[in-house]
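Trainee: Hey, I've got a new model open and I'm a bit lost. Can we walk through it together?

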Amino acid sequence: MAVGGFAGGCVADMGGTISIVEAPKVSRSYHTDKESVTAKRNLKREECGCCVVLPRIIQRKPRPGDIHPVDKKALRGILRSSPEEYVYGLDRIEFKPREAPRSEEGYTLIGAPFGFYMRVDKSITLFSLPMTWVLREISPGLTYTVTGWGGNIQEENGKIIVEWPSENHLGLWFTCTVIHHELGHHYRHQYRRKRKHAYWTEEEMVANLHGSRLTREMFQNLGKQKRAREEQIKEGRKK
Ligand SMILES: [Zn+2]
């Protein structure tokens, strides 16, 4: 599907599986008991003994006018709060300026792709983005995820204008739609074993399912942290 005039990348245009209210549940076959044991046993840990050594994070400057929706510090937090089996074996994550191989007058060239996973070196690449996108067309999947995470879509003079109310909104969309999806690709590859060759659409669907699981767990963890903070405040008031 074309996004902004390009044949779409592997992300977002395959969307439709994420909602800000509730991400769909991943079936039991994608639960990761064995994989989490393998990861727990083999992951290198920091001196504290509990924090895992994260993959290298390389941050290049964004394309002029763009931002990296998630910065290095936030990415570390996302990786630390993700189940360890999704991080195990991942060599590096690299932020790069958005590539726009051909110019198209008046349109923002995005999604070619937003990010990708490389099996050969187990790396994830994430591209920068502007806060406003001017598109020739937008796929139903991308429309669904953009509006689900708070982006505004309007049509003006035949152009599709996508505007993000804040960097946080774009960052949340990017985390849940792009980063979690790419971690899903890594997970799929890391524990592939003797699985038969899969078609591209199957790979994408499975990455989306894993991405949904990561998103759901991220919100569950945030909810727990919020409740713990509220309890602490309550306890403080009682004293
Ligand atoms: Zn993909």
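Trainee: Which residue in S4 is the bridge partner of Ile-58?

Mentor: In S4 the bridge partner of Ile-58 is Glu-94. Before we go on, this is a predicted model: local features need pLDDT of at least 70, side-chain atom pairs count only at pLDDT 80 or more, and totals for chains, interfaces and linings use all residues. Residues are numbered from 1 along each chain as its sequence is written.

Trainee: Ok. In which sense do S3 and S4 pair, parallel or antiparallel?

Mentor: S3 and S4 pair in the parallel sense, over four bridges. Two strands pair if DSSP finds at least two bridges between them.

Trainee: What's the strand order in the sheet they belong to?

Mentor: The order is S3-S4-S6-S5, an open sheet of four strands with mixed pairing. S3 and strand S5 (115-118) are at the edges with a single partner strand each, so one side of each has no neighbour in the sheet. On average, neighbouring strands here are turned by 15 degrees against each other, direction ignored.

Trainee: Which strands does H4 touch when it packs on that sheet?

Mentor: H4 touches S5 and S6, and its direction makes about 15 degrees with that of S5. Axes are lines fitted to C-alpha atoms, for helices over the stretch in contact, and angles run from 0 to 180 degrees between N-to-C directions. Two residues are in contact if their C-beta atoms, placed from the backbone, lie within 7 Å.

Trainee: How do H4 and H5 cross, then?

Mentor: The axes of helix H4 (residues 167-190) and helix H5 (residues 200-238) come within 7 Å and cross at roughly 115 degrees. Residues making this contact include Cys-176 and Leu-183 of H4, and Val-206 and Leu-214 of H5. The contact residues divide into six nonpolar, eight polar and two charged.

Trainee: Switching topic: how many residues are in the largest nonpolar core?

Mentor: The largest nonpolar core has 37 residues, and those with the most contacts inside it are Leu-126, Trp-173, Phe-174 and Ile-179. A nonpolar core is a set of buried Ala, Val, Leu, Ile, Met, Phe, Trp, Tyr and Cys residues joined through C-beta atoms within 7 Å. A residue is buried if 20 or more other C-beta atoms lie within 10 Å of its own, exposed if 12 or fewer, and partly exposed in between, with C-beta atoms placed from the backbone.

Trainee: Which element gives the largest share of this core?

Mentor: H4 does, with nine residues. As for Trp-173, its contacts are Thr-145, Val-146, Trp-149 and Gly-151, leaving out residues up to four places away in sequence.

Trainee: What about the three-stranded sheet, what's its order?

Mentor: That open sheet runs S7-S9-S8, with antiparallel pairing. Its edge strands are strand S7 (132-135) and strand S8 (152-156), each pairing on one side only. Five bridges join S8 to strand S9 (residues 159-163). Among the bridge partners, Ile-153 goes with Val-162, and Glu-156 with Lys-159.

Trainee: How many residues of S8 are buried?

Mentor: Zero of its five residues, so to speak: S8 is hardly covered. S8 and S9 form a hairpin with two residues between them, and Asn-157 in the turn has a positive phi of about 50 degrees.

Trainee: Last one: which peptide bond is cis?

Mentor: The one from Ala-112 to Pro-113, with omega near 0 degrees. Pro-113 is in the loop between S4 and S5.

Notes
Ala, Val, Leu, Ile, Met, Phe, Trp, Tyr, Cys and Pro count as nonpolar, Asp, Glu, Lys and Arg as charged, and the others, Gly among them, as polar.
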